[in-house]
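Dear colleague,

I am passing on the structure below, together with an account of what was found in it. Please read the notes alongside the coordinates.

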Amino acid sequence: MDTQVKQGKEYVNNPPHYHSKCSDEEMKDIIKRIVDRGYIEAIDVIDAFFKDNFNLGTAFRYEARLGAKDDEITELDKAIWYLQHEKVLRESAKKSKTI
C-alpha cells in the first residue's frame, strides 16, 4: 500500500495535525507527571492539546470521563454545549475579520 507523502512528511502513520502544540519542555513535564502517577488523566491530554482553549479542553474532559460522574447522555450534552459555544465564537471571529 502506498502512503501519501506531503512536504517530506508521512501523512498516514504520523500526520503533523495529530501532534501536540506543546514545547518539548512542556511535553517532558506532562510525560513525567504521567510516569510518576502511573496512569494518564484527561488533564494530561488537555494540557498537551487544548491548553489554550478552555471550551475544547472542557468538551474533551466530559468525553473522557463519559458516564463516570453523570449519566452518559448528560455528559455528552455538556460536551456538545462547549463545542457549539466554541463554534459560535469562531464563527463570530471569522465574521468580524471580514467586515
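Contact, in what follows, means heavy atoms within 4.5 Å. With that cut-off, and not counting residues up to four places away in sequence, asparagine 55 touches Tyr82, His85, Glu86 and Leu89. Please bear in mind throughout that this is a predicted model.

Asparagine 55 has its place in helix H3, which covers residues 54-64. Its relative accessible area is 9%, and because buried means under 20%, asparagine 55 counts as buried.

As for the overall layout, the protein chain has four helices and two strands, and from the N terminus on these elements run β-β-α-α-α-α. Of the 99 residues in the protein chain, buried residues make up 16%. Among the contacts in the chain with a separation of 6 or more, 32% are accounted for by residues 24 or more positions apart.

Helix packing was examined for H1 (residues 24-37) and H2 (residues 42-49), whose axes come within 10 Å and cross at roughly 170 degrees. Since angles over 145 degrees count as roughly antiparallel, H1 is roughly antiparallel to H2. On the H1 side the contact is made by Met27, Ile30, Arg33, Ile34 and Arg37, and on the H2 side by Ile43, Asp44, Asp47 and Ala48. Sorted by class, this contact of H1 with H2 has five nonpolar and four charged residues, with no polar ones.

Turning to the pockets, the largest pocket has a volume of about 220 Å³. The residues that line the largest pocket are His17, His19, Lys21, Cys22, Ala48, Phe49, Phe50, Lys51, Asp52, Asn53, Leu56 and Arg90, and by class this lining has five nonpolar, three polar and four charged residues.

Histidine 19 has its place in the loop between strand S2 (9-10) and H1, and at 40% relative accessibility it counts as partly exposed. Not counting residues up to four places away in sequence, histidine 19 touches Asn14 and Phe49. The C-alpha atoms of histidine 19 and phenylalanine 49 are separated by 8.1 Å, although these two residues lie 30 residues apart along the chain.

With kind regards

Key: Residues are numbered from 1 along each chain as its sequence is written. This is a predicted model: local features need pLDDT of at least 70, side-chain atom pairs count only at pLDDT 80 or more; totals for chains, interfaces and linings use all residues. Side-chain values use heavy atoms; hydrogens and water are left out. On a 1 Å grid over the protein atoms alone, a cavity is a set of points where a 1.4 Å probe fits but cannot get out, and a pocket is an open set with protein on both sides within 12 Å along at least five of seven lines; lining residues have an atom within 4 Å of a point. Grid points are joined across faces, edges and corners, and a volume is the space filled by probe spheres set on the points. Ala, Val, Leu, Ile, Met, Phe, Trp, Tyr, Cys and Pro count as nonpolar, Asp, Glu, Lys and Arg as charged, and the others, Gly among them, as polar. Buried means under 20% relative accessible area, exposed over 50%, partly exposed in between (1.4 Å probe, protein chains only). Axes are lines fitted to C-alpha atoms, for helices over the stretch in contact, and angles run from 0 to 180 degrees between N-to-C directions. Angles under 35 degrees count as roughly parallel, over 145 as roughly antiparallel, 65 to 115 as roughly perpendicular and the rest as oblique.
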